[in-house]
Amino acid sequence: MSNNILEIKDLKVHYPVRGGFFNTIKDYVKAVDGVSINVPVGTTYGLVGESGSGKTTTGKAVMGLNHVTEGTIMFNGHELTGKGKKVDNHKDIQMIFQDPYSSLNVRKRVFDIITEPLNNYESLTKAERVNRVLELLKIVGLPPSAIYKYPHEFSGGQRQRIGVARAIALRPKLIIADEPVSALDVSVQAQVLNFMQEIQKEMDLTMLFIAHDLGVVRHMCSYLGIMYRGRLVEEGTVDDIFNNPQHLYTKRLVAAIPDIDVDHVEKNLVLRNQLKEEYEQNFADYLDEEGRAFPLQQISDTHRVALPVRS
Ligand SMILES: Nc1ncnc2c1ncn2[C@@H]1O[C@H](COP(=O)(O)OP(=O)(O)OP(=O)(O)O)[C@@H](O)[C@H]1O
Ligand SMILES: [Mg+2]
């Protein structure tokens, strides 16, 4: 048996576009169009790409929140979804959302927000639930007094901690974190990322971590998948992606990371300009007639790239 807790194979999620007098299907938005991802147990896999590339759609398909047009999703050796099927939310898989304010029910107190997922699966007494919530608040670094407060009484970073407490309440095996820090101030982002990483290690969680930019995932992830228009253009270890990017799109993402090291600023500026030119001239070669990536080719044990196919 493989040690992959999650195996996504050739996933396609196409949304119908309706229109006209009879509201008939005119076309399809191919939000995800043939994505395969394997995530080994206990690791964090970073799914990175620009807005609209299909990251959330992929995450939601794993959660069972989306229909699946084609492909299979295996979780812990069980098939979650097959063609046309929509599965129920699985207790072992939980999601953390981008905007902690809109994803938490603002009219509920922290106690109810965190215990809500528990109520569906475990019959606990009130005292047991209070204890569980206090334990969870401690894990995410919030004081016991938070238990009877409402979401608006917290800062953005604290609210995301509540979102994490809720997600880990059922002791899931897999967490899908959909841009969990992009709504937060840069100063708070690092704190939240750090404690998420601690929890991931302590609870031996597997994480699918969705992000816009590579900077955020660099220290979180073992593997990275770079998404463009519903497909992966490159996949590999953090080292493969950062030190040996092969796809032009990945190269630009890597070069776009803000410089911390002053000595590199000028060098990177030159590199960015070079890549911009190369991109304008050659990027079309990397795409098929539909403007999508070619199939991935294995270039090392860990590294796969959608290299141009010459016809
Ligand atoms: N329910 C839906 N119906 C129709 N189209 C949709 C639906 N949900 C998403 N899409 C389309 O699918 C594509 C992928 O969307 P998705 O939300 O997965 O992107 P994303 O990579 O998460 O982007 P972002 O970084 O902005 O969150 C987009 O073109 C989007 O407009
Ligand atoms: Mg998204």
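The predicted model of the protein holds 10 helices and 12 strands (DSSP runs, H or I of at least four residues for helices and E of at least two for strands, numbered from the N terminus). Local features need pLDDT of at least 70, side-chain atom pairs count only at pLDDT 80 or more, and totals for chains, interfaces and linings use all residues of this predicted model. Residues are numbered from 1 along each chain as its sequence is written, chains are lettered from A and ligands numbered from 1 in written order, and side-chain values use heavy atoms, without hydrogens and water.

Along the principal axes, the C-alpha atoms fill a box of roughly 65 × 60 × 50 Å. Of the 311 residues, 48% are buried (under 20% relative accessible area, 1.4 Å probe, protein chains only).

Thr206, Leu208 and Ile210 point one way from the strand. Met207, Phe209 and Ala211 point the other way. In a regular strand, side chains alternate between the two faces of the sheet.

Two strands pair with β8, pairing being at least two DSSP bridges. Strand β3 (residues 44–49) runs parallel to β8 over 5 bridges. Here leucine 47 has isoleucine 210 as its bridge partner. Strand β7 (residues 174–178) also pairs with β8 in the parallel sense, over 5 bridges. Leucine 174 stands opposite threonine 206.

Note on methods
Buried means under 20% relative accessible area, exposed over 50%, partly exposed in between (1.4 Å probe, protein chains only).
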